[in-house]
Amino acid sequence: MAAMAPALRVCRGILKELRASIGPTYNKSLAYNYVMDQFRKNKITGERYCRAQQEAHHDSNTYLCLLGSTRTHLALHKMYHGKGECSQESAAAMVGLRLPTQPGGKGWEK
């Protein structure tokens with residue numbers, strides 16, 4: 001199993017993803033309040049180290065991965081998603097080709 005990042009780094013990563021998805025007012029959202037409450041509630045101390053703490057840390061790592069993957073997926077979808085029907089000329093130009101021209105008429109005239 002891969003080593004998990006420290007809890008503070010995971011918390012900062014989740015907040016960074018929230019800021020990217022919600023905007024500059026992310027710290028007034030319910031998601032922000034929930035994440036901060038959960039991290040404060042599951043803070044580890046020297047006397048307490050239990051299975052629930054490890055589960056919470058694993059869940060937070062998984063949530064961070066989900067947020068990052070969702071953001072990346074939306075960016076790729078926006079970039080490569082088809083924009084509907086296009087003409088043959090524009091489809092050929094998209095892949096770096098040109099349509100053949102007819103000799104003695106259309107295409108040769110300038």
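Student: Is glutamate 17 buried or exposed, and at what relative accessible area?
Tutor: This is a predicted model: local features need pLDDT of at least 70, side-chain atom pairs count only at pLDDT 80 or more, and totals for chains, interfaces and linings use all residues. Residues are numbered from 1 along each chain as its sequence is written, and side-chain values use heavy atoms, with hydrogens and water left out. Buried means under 20% relative accessible area, exposed over 50%, and partly exposed in between (1.4 Å probe, protein chains only). Glutamate 17 is therefore buried, its relative accessible area being 10%.

Student: Which residue forms a salt bridge with glutamate 17?
Tutor: Side chains of opposite charge can pair when their charged atoms come close. A salt bridge here needs a side-chain nitrogen of Lys or Arg within 4 Å of a carboxyl oxygen of Asp or Glu. The structure holds one such bridge. With its closest N and O atoms 2.8 Å apart, the partner of glutamate 17 is arginine 71.

Student: How many residues apart in sequence are the parts that this pair ties together?
Tutor: Helices are DSSP runs of H or I with at least four residues, strands are E runs of at least two, and both are numbered from the N terminus. Glutamate 17 lies in helix H1 and arginine 71 in helix H3 (residues 51-80), so the bridge links parts whose sequence separation is 54 residues.

Student: What is the relative accessibility of arginine 71?
Tutor: Glutamate 17 is buried. Arginine 71 counts as partly exposed, at 43%.

Student: What pattern does the protein follow along the sequence?
Tutor: The secondary structure comes to four helices and zero strands. Read along the sequence, that is α-α-α-α.

Student: How far does H1 reach from its first C-alpha to its last?
Tutor: H1 spans residues 7-22, which makes 16 residues. The expected span is 1.5 Å times one less than the number of residues. H1 is close to its expected 22 Å, with a reach of 22 Å.

Student: Which residue just after H1 takes a positive phi?
Tutor: Helix H1 covers residues 7-22. Just after H1, a phi of about 120° is taken by glycine 23.

Student: What is the C-alpha separation of alanine 31 and leucine 18?
Tutor: Alanine 31 is found in H2. Its relative accessible area is 28%, which means partly exposed. Along the chain, alanine 31 and leucine 18 are 13 residues apart, and their C-alpha atoms are separated by 8.0 Å.

Student: Which residues does serine 60 touch, not counting those up to four places away in sequence?
Tutor: Serine 60 lies in helix H3. Serine 60 is buried, at 9% relative accessibility. Its contacts are Val10, Ile14 and Phe39.

Student: How far apart in space are histidine 57 and valine 10?
Tutor: Histidine 57 is also part of H3. At 14% relative accessibility, histidine 57 counts as buried. Histidine 57 and valine 10 are 47 residues apart in sequence, while their C-alpha to C-alpha distance is 8.4 Å.

Student: What percentage of the 110 residues is buried?
Tutor: The accessible surface comes to about 9,400 Å² (Shrake-Rupley method, 1.4 Å probe). Carbon and sulfur atoms hold 59% of that surface. Of the 110 residues, the buried part is 20%.

Notes: Contact means heavy atoms within 4.5 Å.
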